[in-house]
Amino acid sequence: MSKRIQLRQARRLVVKIGSALLTNDGRGLDVAALGLWVDQIAELVSAGVEVVIVSSGSVAEGMSRLGWTVRPEQLHELQAAAAVGQMGLVQTWEAQFKRHNRHTAQILLTHDDLSDRKRYLNARSTLRALLDFGVVPIVNENDTVVTDEIRFGDNDTLGALVANLIEADGLIILTDQLGLFDKDPRKNPDAQMVDERRASDSELDAMAAGGAGVLGRGGMQTKVRAARLAARSGAFTVIVGGRIENAIARLRDGESIGTLLLPEQGRIAARKQWLASHLQTRGKLTLDQGAVNVLCRGGRSLLPVGVKSISGQFRRGEMVSCVDETGKEIARGLINYDADEARAIAGRSSDRITEVLGYISDEEMIHRDNMVIV
Ligand SMILES: Nc1ncnc2c1ncn2[C@@H]1O[C@H](COP(=O)(O)OP(=O)(O)O)[C@@H](O)[C@H]1O
Ligand SMILES: N[C@@H](CCC(=O)OP(=O)(O)O)C(=O)O
């Protein structure tokens, strides 16, 4: 049976749109095309699918606004163009979603934000809150503080990291080709499009080795790598032509367009493996019997009220071990509070967190998505 059914079942998606598509061959943003993607995404969101957009195009739009016809070589000039262009980029997304009465939000991220545990949880909470409010987040690299993306033109990786961050079911990469071909179709007219593969398939590397288009710079290599990264949290990736009529809607209907790259394992198994790989725990939470029962039954978060005592020094986002009153390990997970804060709210009801700490970041001590039962 075709794996395309996965697209029909997806509840949370990241849609990444590259510079090659967004920018009308370098002449500013292609507002008409952007409007058509917004129509399809707005329909998905109304049908209950959560969508985060990773949008490139700031450098190209900035160049157009500044009247530059040649892409500058100097990094600071590229960064300046990105800062100018980002304004136009988010204005355009906002105006297009407004036609559907949908709010958008600008999120600028760096790779470091996503590898630092604390910032990872902060970014994750913000994105989750936005999705809960029915807002469509528009993500781009924060080109003012880092230069990796504009140097390598690789928002594909950012798309995959966001898919990991929000535990998306899938990553849809819209590009200027119909999909991934067995060789670069620009240089090889006989190239054949790949329909479905495992993201880990090593044959994909040779296929993608052909370089990039004129505006985008990552090419298919970064897309294949992004598919492998996305697969780490169990997400599938589709590489598909953004100019195909109704591409997003047709994918959603399970139609076989573009190239589907599949993870080895499902979302939950992948997540557990990812958590299990963080072997080093920084602290220990002793739980009361009620909390142990609830966690062992599965599918529940750990609330502060079920925590009897805490040992160790840790920061928000670090891995801690949860044990029962005999010291037997029950679970491991990424904790939402620093050790001192966790001690202050342990044993208390979540509605008292604000009173005790003066703020609340999460009702849970450890969210169920960040926990693995051992
Ligand atoms: N095997 C391949 N299949 C499809 N496209 C390929 C392949 N190898 C290289 N490419 C090139 O990758 C380009 C798309 O990547 P890129 O220019 O980085 O776009 P984007 O801005 O969408 O990320 C295509 O225009 C194509 O020339
Ligand atoms: N962040 C920059 C560069 C990102 C970039 O070029 O990525 P992509 O075209 O998707 O491979 C921009 O928005 O122009």
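Modeller: The part I would take is the stretch at residues 283–366, which an unreviewed UniProt entry annotates as "domain: PUA"; such positions are given in the numbering used here, feature names are shortened, and annotations may be inferred rather than shown by experiment. This is a predicted model, in which local features need pLDDT of at least 70 and side-chain atom pairs count only at pLDDT 80 or more, while totals for chains, interfaces and linings use all residues. Residues are numbered from 1 along each chain as its sequence is written, chains are lettered from A and ligands numbered from 1 in the order in which they are written, and side-chain values use heavy atoms, with hydrogens and water left out. The protein chain has a mean pLDDT (the predictor's confidence in each residue, from 0 to 100) of 90, with 94% of its residues at 70 or more, and the model scores ipTM 0.96 and pTM 0.84.

Over residues 283–366 the chain is 25% helix and 26% strand, with its end C-alpha atoms 13 Å apart; helices (H or I, at least four residues) and strands (E, at least two) are DSSP runs numbered from the N terminus. An open sheet of five strands runs in the order E10-E9-E11-E12-E13 with mixed pairing, where two strands pair if DSSP finds at least two bridges between them. Its edges are E10 (307–312) and E13 (371–373), each pairing on one side only, and neighbouring strands are turned by 20° against each other on average, direction ignored. Axes here are lines fitted to C-alpha atoms, for helices over the stretch in contact, and angles run from 0 to 180 degrees between N-to-C directions. Strand E12 (residues 329–334) pairs with E13 in the antiparallel sense over three bridges, and Ala 331 stands opposite Ile 373 in E13.

Elsewhere, an open sheet of eight strands has the order E3-E4-E2-E1-E5-E7-E8-E6, again with mixed pairing, and E3 (104–109) and E6 (196–198) are its edge strands. Within that sheet, E1 (residues 12–17) and E5 (residues 170–175) run parallel and are joined by five bridges, with Val 15 having Ile 172 as its bridge partner in E5. Helix H5 (residues 75–98) lies across E1, E2 (50–55), E3 and E4 (136–141), at about 150° to E3, contact meaning heavy atoms within 4.5 Å.
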